[in-house]
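Visitor: I've got a model open and I'd like to learn how to read its pockets and strands. Can you walk me through it?

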Amino acid sequence: MNDNHSDDQIGRARVQNSPELEAYYKELESFGAGALWTVANDIEPWEPRSSSVPMLWKYDDLRELVLKSSELVTPEQAGRRVVYLVNDKRKDVSAAVGWLYTGIQVTRPGESTSAHKHKASALRFIMEGKGGYTVVDGNKITFEVNDFVITPNSTWHEHGVIEGGKTCIWQDGLDIPLVNALEANDYAVHEGKQALINKVNYSPSTFGCAGLIPADSNWDKPYSPLFKYSWKAVYPALIEIQKVKEVDKFDGILMQYSNPLTGGHVMQTMGASMQLLPPEFKGKAHKHTGSFVYQCAKGKGYSIINGKRFDWAERDIFCVPSWAWHEHHNKSKIEDACLFLFNDLPVIEKLGLYQSRDYEENNGHQQT
């Protein structure tokens with residue numbers, strides 16, 4: 001589909017250069033100024049434009065290197081022992097796509113990190129291991145594979161794996177590039193371990209139980225009080241929803257992790273969802289504003305992003321830049337596929353910047 005527009009029309013900058021104008025521009029520059037028409041068409045594109053490129057990070061390629069990091073440095077030496085994933089076009093801000101960061105963290109049995117906090121919001125999606133836990137503002141939470149955990153901005157948090165557990169690996173997602181771009185980030189380290197203020201798993205047991213919430217709840221934070229979203233509850237819910245909800249032609253069954261008190265996004269700057277693609281699902285292409293990072297939680301398939309095919313299997317991570325054409329396909333004829341994803345939609349939506357477009361050529365599918 002051709003999305004090109006011509007700048008050679010009234011309303012766009014069309015000034016022809018001349019020696020007199022060149023001298024004028026240099027004079028402006030000497031005073032820290034410039035003529036808008038020299039940059040207007042670039043800073044005001046006809047359509048949203050991303051500086052990121054679609055990328056796929058294969059877990060089989062990275063897993064041994066992630067584990068190797070646990071032989072080379074300790075959690076305390078590194079602060080956080082993470083192999084981060086960087087977009088070829090966003091290396092200057094350490095972003096995986098747009099203004100989002102992601103990495104893969106490893107923690108061995110008996111290891112733990114110091115408690116710390118920062119203005120950047122963070123989330124975790126558990127990839128493998130047993131006996132892992134996190135402590136968020138004094139709330140200790142245990143987690144299992146495919147659980148989704150949040151550590152909202154400015155909350156004290158620390159992670160570890162119990163003695164006798166199995167090495168845990170999880171994906172980290174943060175809005176560090178965004179908060180840094182806004183020049184608002186900070187970092188603090190807690191003196192010693194956090195004191196627990198509730199029983200273990202108080203948060204998921206209290207706010208994640210069958211749609212019930214405490215009648216006396218006085219939660220006044222701008223983020224979800226439910227710090228863990230359990231896979232053993234999420235996946236059966238997807239199966240039940242599929243029985244009564246029509247499968248979306250673009251995204252299959254797409255369900256958003258939400259704040260149980262408001263129904264809104266889990267945090268102020270980052271949202272997350274779980275997407276189920278039924279057997280042989282062939283999603284049609286569309287594009288929208290907002291940057292997305294995906295991880296395959298179950299099954300295998302492929303996505304076509306801006307005309308390029310990316311084949312993914314369990315634990316592979318890939319990104320879809322803002323305003324990139326994309327479609328998702330399930331390879332299997334008998335099994336569903338599930339994609340975990342996180343994004344910057346809370347920011348995009350609050351600022352009134354969301355827009356989308358459906359692909360109309362080739363019966364809604366891109367050619368590769």
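Guide: Let's start with a pocket lining. The lining of the largest pocket has 18 nonpolar, eleven polar and four charged residues (Ala, Val, Leu, Ile, Met, Phe, Trp, Tyr, Cys and Pro count as nonpolar, Asp, Glu, Lys and Arg as charged, and the others, Gly among them, as polar). Keep in mind that this is a predicted model, where local features need pLDDT of at least 70 and side-chain atom pairs count only at pLDDT 80 or more, while totals for chains, interfaces and linings use all residues. Residues are numbered from 1 along each chain as its sequence is written, and side-chain values use heavy atoms, leaving out hydrogens and water.

Visitor: Which element gives the largest share of the lining of the largest pocket?

Guide: That's α7, with six residues. Helices (H or I, at least four residues) and strands (E, at least two) are DSSP runs, numbered from the N terminus.

Visitor: And what is the volume of the largest pocket?

Guide: Rolling a probe the size of a water molecule over the atoms shows where empty space is left. Here the largest pocket has about 750 Å³. Of its 33 lining residues, Gly208, Tyr229, Ser230, Ala233 and Val234 are the closest to the centre. On a 1 Å grid over the protein atoms alone, a pocket is an open set of points where a 1.4 Å probe fits, with protein on both sides within 12 Å along at least five of seven lines; lining residues have an atom within 4 Å of a point. Points are joined across faces, edges and corners, and the volume is the space filled by probe spheres set on them.

Visitor: Now strands. Are the two faces of β12 buried or exposed?

Guide: In a regular strand the side chains alternate between the two faces of the sheet. In β12, Gly271, Ser273, Gln275 and Leu277 on one side and Ala272, Met274 and Leu276 on the other are all buried (under 20% relative accessible area, with a 1.4 Å probe and protein chains only). Seven of the seven residues of β12 (residues 271-277) are buried, so the strand is largely enclosed by the rest of the structure.

Visitor: Which strands pair with β12?

Guide: Two strands pair if DSSP finds at least two bridges between them. Strand β11 (residues 253-256) runs antiparallel to β12 and is joined to it by four bridges, with Met255 partnering Met274. Strand β19 (residues 337-343) is also antiparallel to β12, over seven bridges, and there Asn343 stands opposite Gly271.

Technical notes:
Buried < 20%, exposed > 50% of the residue type's maximum accessible area, 1.4 Å probe, protein only.
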